[in-house]
Each structure stands twice: as structure tokens, then as C-alpha cells.
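Here's a quick tour of a predicted model. Have the sequence and the coordinates open side by side as you read.

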Amino acid sequence: MENQFDVVIVGGSYSGLSAAMALGRASRKVLIIDSGKPCNRQTPHSHNFLTQDGETPSAIAAIAKEQVMQYPSITFKEGTAVSVSGSDGDFTVTTANGQEYRAKKILFAAGVRDIMPNIEGFAACWGISVIHCPYCHGYEVKNLKTGLLSNGDIAYHMVQLLLQWTGDLTLFTNGKSTLTPEQTLKLQSKNISIIETEIGQFIHTDGQLQSIVLSDGTMHDFSVLYAKIAFEQHCPIP
């Protein structure tokens with residue numbers, strides 16, 4: 001049957017494609033359903049990735065997809081899975097456009113979706129000049145005047161980490177600091193500025209941060225900012 005598969009994989013980025021390759025090499029009939037919205041889609045370059053250092057995430061995914069699709073038992077469909085019904089051995093996956101696919105097994109590899117704070121300009125800069133991981137992006141911006149948007153224990157940990165890449169660091173807590181008095185004193189002893197005023201806007205050009213404007217109108221010039229933000233599962237089905 002055309003719409004009957006051994007496995008339907010929800011999510012067709014790195015993990016979904018990797019799973020599909022293993023299943024394809026076992027001659028399993030596999031369907032990959034992918035929305036085409038990976039969380040790293042704005043990131044200009046990937047780093048710390050052997051054989052692909054400096055390549056764009058989309059190029060890496062394209063090569064992976066090309067290799068996976070050489071296995072004839074694998075099918076790739078663009079779309080969004082919205083529901084799964086049935087039980088082990090006989091599942092039905094329904095997509096947003098009403099298509100239904102049956103499978104013995106379902107594999108969820110949809111990844112995560114970042115939850116953007118309600119700050120004007122943040123989303124446009126995310127992954128470009130507002131970044132989350134120094135091991136992924138820190139080398140390219142080392143020794144620059146750097147901001148960190150975080151608070152509490154996570155902020156304290158991140159400051160210790162980021163000092164490996166820059167000695168010019170400012171912590172924006174975006175509201176009242178939840179650092180302990182001891183943590184605050186330790187950061188101040190390392191010449192870390194702590195700004196508690198809420199952020200009103202990021203001024204940028206095509207995602208490249210230029211200035212951070214606080215709610216009181218104060219402006220701070222930064223070209224790079226780390227941010228620790230919340231995330232959720234990209235696919236709400238499981």
C-alpha cells in the first residue's frame with residue numbers, strides 16, 4: 001500500500017535523517033515528515049562539527065538528505081504531523097493538509113522550538129548575533145565586548161564559562177536580579193557589570209546586533225549577546 005510504512009519519522013533534520021539512514025539500510029519502508037523549520041535555520045555557520053566546521057546548517061542537512069534518499073525504501077514528505085492515533089503495530093499519522101499515513105512504528109525526531117522573549121528585535125538577531133553556545137559560536141566573537149541575557153544560577157554559571165572567551169562582559173538580568181548576594185559579589189569582583197533594568201529593544205541591521213536599548217531609554221552598544229532562553233518540544237504530539 002502506498003501510504004503504509006514500517007516506520008514514520010516525524011522530523012527530518014539531523015536526527016531524523018540519521019534514523020532514516022539506519023532503517024533504510026535495513027530495507028525498512030520509511031516515511032520522513034518534515035516541516036522545514038529547524039531551530040537553527042537562522043544560524044549562518046555551524047562549528048565544532050567535524051568535517052563540516054564553518055558550513056551552513058542548511059548545507060549540512062541538504063548533504064545528509066541527499067545521502068539518505070539514495071535508499072529506495074525511504075520517502076520524504078514536506079508537511080507537519082498534527083496527530084497520531086492507533087496502537088503499537090498499527091498507527092495512523094495525520095498531517096496538517098489532511099493526509100494520512102499508516103505505520104507499524106512512529107519515531108519522533110522533531111527537535112525543539114526556541115521560545116523568544118518579548119523583546120523587539122530579539123527574534124531577528126537570534127542565531128546570528130544573539131547566540132546561546134560559546135562552544136558553537138564563541139571563537140568567532142572572542143575578546144569582543146559581550147553581553148549576556150540571563151538571571152539567577154544559570155547566569156552565574158554562564159558568566160564563569162564566558163570568561164574563557166572574553167574579559168569584557170555585561171550581565172543583563174532584564175528585571176530584578178535573582179543572583180544570591182554571594183554570587184553578586186563574586187561577579188563584581190571579576191568586574192562584571194550587572195544591569196537589572198528591563199530591555200526594551202535590540203537595534204540591529206539584518207540580524208546583526210548594534211545596540212541594546214533599555215526601558216528607561218539608556219542605550220548600550222554591543223555587537224554580540226549570549227542569551228539563555230526557554231525552549232519546548234517542536235512537535236506537541238507525544
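Thr170 sits in strand β10, which covers residues 169-172; strands here are DSSP runs (E, at least two residues), numbered from the N terminus. Its relative accessibility is 9%, so Thr170 counts as buried. On that scale, buried means under 20% relative accessible area, exposed over 50%, and partly exposed in between (1.4 Å probe, protein chains only). If you skip the neighbours within four places in sequence, Thr170 is in contact with Thr146, Gly147, Leu148, Ser193, Ile195 and Phe222, where contact means heavy atoms within 4.5 Å.

A word on the ground rules. Residues are numbered from 1 along each chain as its sequence is written, and side-chain values use heavy atoms, with hydrogens and water left out. As the model is a predicted one, local features need pLDDT of at least 70 and side-chain atom pairs count only at pLDDT 80 or more, while totals for chains, interfaces and linings use all residues.

Now the salt bridges. The structure holds four of them, a salt bridge being a side-chain nitrogen of Lys or Arg within 4 Å of a carboxyl oxygen of Asp or Glu. Three of these look like this:

| Pair | N to O distance | Accessibility of the Lys or Arg | Accessibility of the Asp or Glu |
|---|---|---|---|
| Lys104 and Asp6 | 3.4 Å | Lys104, 41% | Asp6, 17% |
| Lys105 and Asp88 | 2.7 Å | Lys105, 43% | Asp88, 55% |
| Arg113 and Glu232 | 3.2 Å | Arg113, 34% | Glu232, 37% |

Asp6 is buried, whereas Asp88 is exposed. Lys105 lies in strand β6 and Asp88 in the loop between β4 (81-87) and β5 (90-95), so this pair ties together parts 17 residues apart in sequence.

What about the domains? The assignment, automatic or from a database, gives domain 1 (4-110) and domain 2 (115-229). Their C-alpha centres lie 34 Å apart, and six residues of domain 1 are in contact with 10 residues of domain 2. Together the two domains bury about 560 Å², 44% of it on carbon and sulfur atoms; buried area is the accessible area (1.4 Å probe) that two parts lose on being put together, summed over both. Gln42, His47 and Asn48 supply 70% of the area that domain 1 buries against domain 2. Across this interface there are zero salt bridges.

Notes:
Helix = DSSP H or I, 4+ residues; strand = E, 2+ residues; numbered from the N terminus.
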